[in-house]
Each structure stands twice: as structure tokens, then as C-alpha cells.
Amino acid sequence: MSRSAHPAGPRHADVLPEAHAGPAPEDVNALDPAIWPITARRVDGVLHVGGVAITDLVAEHGTPALFLDEHDLRSRARAYSTAFEGVDVYYAGKAFLCATVARWIADEGLGLDVCTGGELAVAVAAGFPGERIAVHGNNKSRSELQQALDARVGHVIVDSFDEIERLAALATEPQRVLVRVTVGVEAHTHEYIATAHEDQKFGFSITSGDAFEAVRRVLAAPGIELLGLHSHIGSQIFDSSGFEVAARRVLALQARISDELAVTLPEMDLGGGFGIAYTTQDDPADPAQLATEMSKIVEHECRALGIPEPRLSIEPGRAIVGPAMCTVYTVGTVKKVLLDGGAVRTYVSVDGGMSDNIRTALYDADYSCTLASRASDAVPVLARVVGKHCEAGDVLVKDEFLPGDVRPGDLLAVPGTGAYCRSMASNYNHALRPPVVAVRDGVARVVVRRETEDDLLATDMGDAR
Ligand code: LLP
């Protein structure tokens, strides 16, 4: 299967549907626990999450809407901090952040990685402890850096020579920093989300010598205290081999710093990127296995280099929030389209689309979905779930088997939408970004409200009102 993004425009029928959907499932109503929130189950045919029926949630909150299983998110956060004992785990808020989730993350004892002033403002408003916040970003403004200093954040991850100067000029008390380096590793992931190869905007290259120079400048700058190096090699990674190469290269630089500058760096951050299952065909490693493998790699390398083991930190985002949410849509139209060769593709149009989940259009991402408002024993048909935007590439689920009697008014649920869906949502076509409703023990509460037409009009400088 090609991993490259398709060009804008129609997805042609030359893509073999089976390539994405696999063979027809034995039971089209079954919920694979690998891709659904922990509490998801069918009761009398209706999907329930957090002990609440999707039909009831939709009656109250409408569609499209994202439903967030609190139990699922907390369990995954705990699974990471337990598996990575002795390692500082920062939740990467870019995957999804609101004040409620920031509080849950704080409760579970994790740190928080933010990458803009906006994310930092949410964390601060939620009362997230400043010392457990790490601030990222390749272009932090003076005011964002000042905001970080005011919040007394634990770490700033510096990403450019300009930023080192900017931060040194602002800091009145020593600010702890990590230097973000690029290690030349391209993890097994989509090209657009691999960030550690050399030709990209993040970090300082180890190979070119910029990383070493950045370390020298940070050490020389007043008001900044260097704690270690940081590397993030990409996202949706399924095994530890990329981390192994990254750790080896970062630690080799650490050894050079120790030899040439007589400085021992006490910390090292290996970033996020731990993959999740979006379809039944995905098989990511579990946190315990990754933790064991990563700590072995670091231990072995440090011993070989004769340097002390730094305290490790990681920054999972997707792996904590991705599986905790599903997006529910209402079916509006069902259309059969005849393909070359006589096959038929069923286009199911729903009331959301690329404005609430751009990942399929942007990354060629695979998703699955199920008929959520009822079970059906109709013969499955291969369907493509599309949105309502004026764009032929507005596809949500490329290929999925749905019951052949799927019809307008049915509810469809797409699992695995917790990460990088609501956080990357847009107002394209003046769509109203959907709400996020947290569910737990039979109780639902809105944690991010649906935008309204008034919100859109309020940002429009026209004089229509
Ligand atoms: N740390 C750093 C420095 C990062 O840049 C990222 C993600 C993470 C941690 C968290 O990575 P995660 O564990 O969530 O994979 N929009 C893309 C993903 C972009 C990831 C950007 N950086 C997507 O929808 O797949």
C-alpha cells in the first residue's frame, strides 16, 4: 500500500478497496477492542461508551460530536507512567487539549508538553503545575517565552539560535532547557510526520555540528540552565528500532559534550510517536514492551560510552488520547457509484468531514467505522464514508464494510479520533467545530462546546450585523 498522500482532488477507483478494508468481517457489528475505547460495547444493538447510549448522547449533543471515554484516557495515561517507571512521561497536548483533560493528566501524575502560547494558556487555566510543563515550538515568540517564564515551566525545549538569544534576554532566574536535536532518523511513518531527518524545520542537526554549537551557546548564555538533549523522530511508530538509533546518536553527542566541555547532562528526552491501531490490521507495540526495550537500549549505550545514564523522559500524545475518543456522525445520503470493471462503491455521506478530521485527506490515514445506532444483519457492502465539504478529497473512512441497509438517519461512529482530529479541526466551509463530550459511568458532560454560528460571525469583520 502506498504511504504517500494523494494529490488534492478525487480519489479514483484505481485504488483496490480491499487494500484498506481487508476481507469482509465475519460480524460487521463486532467492536474490536484494539480500536474502540475501553468501555465501548453494544447493548441491544446500540453502541454505548462510558455507560451511555450513543443514541442518547446524540439526542442531547447532536452530530458530529466526539465522545471521550474518561476511563480509557486515564487508563492509558496510567499504563504509560506505570510501564515507564523512573521515566518522566509528558502527555503531548497537541494531540488534544482542553482544561478537563489537562486536569486528568495532572491527576494521573504525568507532565504536559505544550507547543504554543494557546496550549500553555489552557494548561495554566486548568491549574496544571508549571514545573511539570515542557514548552516546545520551533518559533516561540518573545511573548510565548515570557508566558512560559511567568508560568515557571519546568523545561523549555530550545529549537533555534534565535530562541537561545531571545530566552537568555528574558530570563531573570535560571530557566531549565533541553536542546532539541535531529538525529537523521526517519521513522517508519508517513513522510509528513517524520521530524528527525535532516531537511526539516525542527531542532539542531547533530551531523552538521549545529547541535553541539547550540549546547555551547546555551552553556555560555546567562539565565539558562542546560539539562539535556531532546529528540523526537516522528509519529505513529510501531516498534523501538527508530528510538534505538536516535538514543545511540543522542548519547554519542552527550559523550562528546562530556569529553570536550566537561559537562554531564542529567536528562534526555526521546519524544513521542508511539503508534496506535486505527484498523484491525494495525498492530502497535504495547507500552510495557516499549519501556523495556528503550531502557535496555539506553543502559547498554551508556555503558558502552562510559557515561552515566541520564534520566529519561518521553512525550506520548496519540497513544494516550487517540483510542479514547470516537466521532459520531449522522448519515445524510447513500449513493452507489459504478466503478471501472463493474464493481460498485457505496458512498455514505455524513454531516461532518475534513473539518473535524483532516487526517485521511492530509496523510492518507486509514480509519474504520461502525453503524452505531443499531445492529444489522444485512449483507455487508464495501462503503466509503465521506463528509459534506465541497471537496472530492473530503473522505473520512476510505473503505469499510457496513451493513447493506445503511440509510439516512443512521448514526456512524469512527473510533481512534482522539488524537489530531479535534485539535486539527477547522472552520472550512464555515463548519462549526464539533463538541467533545466526556463520558464516564453513565454520565456525560461537555468538555469542549460546539462552536456556534455566533462564534463565526463574531470573528467576521464585515458589517452585516
Ligand atoms: N513530542 C514532540 C516534540 C512532538 O513533535 C510530537 C508530535 C509529540 C511529542 C507527540 O507525538 P505522538 O505521540 O502524538 O505521535 N498531526 C499528525 C501528528 C503530528 C505530530 C507532531 N508532533 C497526525 O495527525 O498524525
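Leaving aside its neighbours within four places in sequence, which residues is Val-328 in contact with?

**View 1. Surroundings of Val-328 in the predicted model.** Apart from neighbours within four places in sequence, Val-328 is in contact with Ile-54, Val-58, Thr-63, Pro-64, Ala-65, Phe-67, Ala-372, Leu-411 and Ala-413, two residues being in contact if their C-beta atoms, placed from the backbone, lie within 7 Å. Residues are numbered from 1 along each chain as its sequence is written. Because this is a predicted model, local features need pLDDT of at least 70 and side-chain atom pairs count only at pLDDT 80 or more, whereas totals for chains, interfaces and linings use all residues.

**View 2. The largest nonpolar core.** This core, a set of buried Ala, Val, Leu, Ile, Met, Phe, Trp, Tyr and Cys residues joined through C-beta atoms within 7 Å, has 129 residues, and those with the most contacts inside it are Phe-67, Leu-68, Val-179, Val-328, Leu-412 and Ala-413. A residue is buried if 20 or more other C-beta atoms lie within 10 Å of its own, with C-beta atoms placed from the backbone. Helix H9 gives the largest share of the core, 7 residues. Since domain 1 (18-68 + 323-458) and domain 2 (70-322) both give residues to this core, it lies between them; the domain bounds come from an automatic or database domain assignment.

**View 3. The side of domain 1 that touches domain 2.** The C-alpha centres of domain 1 and domain 2 lie 32 Å apart, and the contact takes 29 residues from domain 1 and 25 residues from domain 2. Strand S20 (436-440) and strand S21 (443-448) are the elements that give two or more residues to this side of domain 1, where helices (H or I, at least four residues) and strands (E, at least two) are DSSP runs numbered from the N terminus. S20 gives the most, with 4 residues.

**View 4. The buried side of helix H8.** In helix H8 (residues 210-220), the buried residues are Ala-211, Ala-214, Val-215 and Val-218. They cover an arc of only 100 degrees around the axis, which puts them on the same side of H8; the arc is that of the directions from the helix axis to the C-beta atoms. The elements against which they pack include strand S9 (175-182), strand S11 (224-230) and helix H9 (241-261).

**View 5. The shell around the ligand.** Of the 22 residues that surround the ligand, the closest are Ala-92, Ser-235, Gly-272, Gly-317 and Tyr-420, a residue being near if its C-beta atom, placed from the backbone, lies within 6 Å. The shell draws at least three residues from each of domain 1 and domain 2.

Notes:
A residue is buried if 20 or more other C-beta atoms lie within 10 Å of its own, exposed if 12 or fewer, and partly exposed in between; C-beta atoms are placed from the backbone.
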